[in-house]
2 protein chains.
Amino acid sequence: VTKAAVKKNDSMADIAAALREAGSILLFPHILMDGDAIGSAAALCLSLRAAGHESWVVIEDQIAANLAFLAHGTCLRVEEAAKRFPHGADLSLCIDCGEESRFPARQELYRAGRRSVCLDHHPTSAGIADLNYIDPAAAATGEIVYDLLTAGGLPLDRTTAGCLFAAIATDTGNFTYSNTTSRSHEITVALMDCGIDVNAICVQLYESIPLAKLRLEAAVFAELELIADGRAAIAAVTREMLQRCGARMEDTDGLVERMRSLRGVQIAVLLKEVDAECIKAAMRAKTHGDVAAIACRHGGGGHVKAAGCTLHDNLAAVRSLLGREVEEALAGAPEDGD
Amino acid sequence: VTKAAVKKNDSMADIAAALREAGSILLFPHILMDGDAIGSAAALCLSLRAAGHESWVVIEDQIAANLAFLAHGTCLRVEEAAKRFPHGADLSLCIDCGEESRFPARQELYRAGRRSVCLDHHPTSAGIADLNYIDPAAAATGEIVYDLLTAGGLPLDRTTAGCLFAAIATDTGNFTYSNTTSRSHEITVALMDCGIDVNAICVQLYESIPLAKLRLEAAVFAELELIADGRAAIAAVTREMLQRCGARMEDTDGLVERMRSLRGVQIAVLLKEVDAECIKAAMRAKTHGDVAAIACRHGGGGHVKAAGCTLHDNLAAVRSLLGREVEEALAGAPEDGD
């Protein structure tokens, strides 16, 4: 959490005023949208439309199947948006991201906006817009959007509230991650007062798992290995397993977190065989251990408790190498670290 | 939710007064304690101790490994409690249950109390105590305990607050189930203001899964079958699978819920082979379908969306019978019911 980023924030009032003055507003969430990206973008778009603005969420890739219900007709492909706004919009608003590289095929349209705003909660956000509100203490960009709607007197109906709930719920792991604050719960109280059906939203978010994903999980867990005296778990997803289960590499989402949830396990490593000599490693730490240090050694990066890297060697060699490094990383950690 | 049960509630003030007058208070949560049972019992016990009472949570079975951290030295086996309180306590308090059959080996000690109180949120609760507070609208008994501590001016420190958070989080599926109310979030705000570490609690609750459980899950998911045109999932846990994975039948906890979370699946059925001619069926419904109706037909019971029964036939016969009944139950349900 960089204090610097917080300091250069413009006020919610100034940002609300900039929105009020803009007839057309295009929103730019990051690629590979998660629940916070699509949820907070759709919510802001719906609210701006209800307040009389012309607004769209401009996208360049597919929305994940379990998040598609959050779009509510707000999304427009970048090709179509460029046709409708050949000279850009009155306002470009990048949301849940703060770097142009996070919306690579939309940079031109973003820059064409007469004015720009950035709303984000990532500490790495650079403050690229004319007006920026970057709050790394917010558990989700959805919380920032809620505050903006309140500060700007923008409408918040049941559908909009549902999108903000989805944004906050997904980014906090349903209020279990360490980024969760009492503010996350306070905002949720206000959203529930709008009449949202929390369970119906969660069924759509979490209960539409493809069978192929479950089969892949079964294949991975059947072969998973405990190392470092049971304090680390390592497993691999091979191309053969994907084929056998009818799964895609995206279906590994969430797998390494489940591996970390094993009793006694401090570090979990999931190896993804992209091709014979290209292995992506996803790593998670529980209480002890710094997986970012391991990832950085191999040209990767991330956070202390969630990091990744790509290695150019065969699966057996990578498994043995990273297994050794994880054992070394845990050598100094307390025994009963669960 | 029975209005009758709500109507005969005594006031929080009267219950708080009864607690104040009692020197010794024994708490009786139900057998097979879940997070709400041990969390709300331990919280009330800790608070009563801090207020100068002699208080214990009397138990007759083991606490699940992932919930043991919530006991905080409050739990006493019934044999030991009977020795220390040969004539019972000043007050017996049954918590998160309202029937003596829910604490079978502790009934005598419960009845020996000079006075009794019942705090519960189960709608089937019978109001067996001198003073009863049964609120089926509460997502967890932990919420009722929070209100009682507040009404009675009883102490609420960080440890006590952590127990109440665990009670509410586990009984609401981390705020995703339909029993979650804005009150659940409001109380959580107050608990977080006591300084609890939500993430540390959730790591202890959810990230201590035995490897044998993960292996069993893999074995079950590898053989799981979709029936009724993909609108139902059926799978079996055999004694051979338990042996192969080094797992116990308790390790099937949560499995049928994960089966229900499959895309398109409206009903999930998990068959547990207790012995060659005794099969327990756990059933869950998502949006459509009434699994209680199926369970009742076979002498079982439960709720519309969560029910179970025991059948005395071999696994293949039970699988085929229940498979047919599930197909019939879904015959009238909408096609796109996800």
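**Exercise 1. Determine how many residue pairs are in polar contact across the interface of chain A and chain B, and describe that interface.**

Step 1. The rule finds 21 residue pairs in polar contact between chain A and chain B, both residues at pLDDT 80 or more. A polar contact is a pair of N or O atoms within 3.5 Å; within protein, one must be able to donate a hydrogen and the other to accept it, and residues adjacent in sequence count only if both atoms are side-chain atoms. The model is predicted: local features need pLDDT of at least 70, side-chain atom pairs count only at pLDDT 80 or more, and totals for chains, interfaces and linings use all residues. Residues are numbered from 1 along each chain as its sequence is written, chains are lettered from A and ligands numbered from 1 in the order in which they are written, and side-chain values use heavy atoms, with hydrogens and water left out.

Step 2. On the side of chain A that touches chain B, the elements giving two or more residues are helices H8 (182-192), H9 (198-206), H10 (211-223) and H12 (255-260) of chain A; helices (H or I, at least four residues) and strands (E, at least two) are DSSP runs, numbered from the N terminus. H10(A) supplies the largest share, eight residues.

Step 3. Four salt bridges are counted between the two chains, a salt bridge being a side-chain nitrogen of Lys or Arg within 4 Å of a carboxyl oxygen of Asp or Glu. Arg258(A) forms one with Glu217(B), with the closest N and O atoms 2.4 Å apart.

**Exercise 2. Characterise the surroundings of Glu273(A).**

Step 1. Glu273(A) lies in strand S9 (residues 267-275) of chain A. At 13% relative accessible area, Glu273(A) is buried.

Step 2. A polar atom of the Glu273(A) side chain is 2.8 Å from the backbone nitrogen of Arg239(A).

Step 3. Leaving out residues up to four places away in sequence, Glu273(A) touches Val237(A), Thr238(A), Arg239(A), Met249(A), Cys278(A) and Ile279(A), where contact means heavy atoms within 4.5 Å.

Terms used:
Buried < 20%, exposed > 50% of the residue type's maximum accessible area, 1.4 Å probe, protein only.
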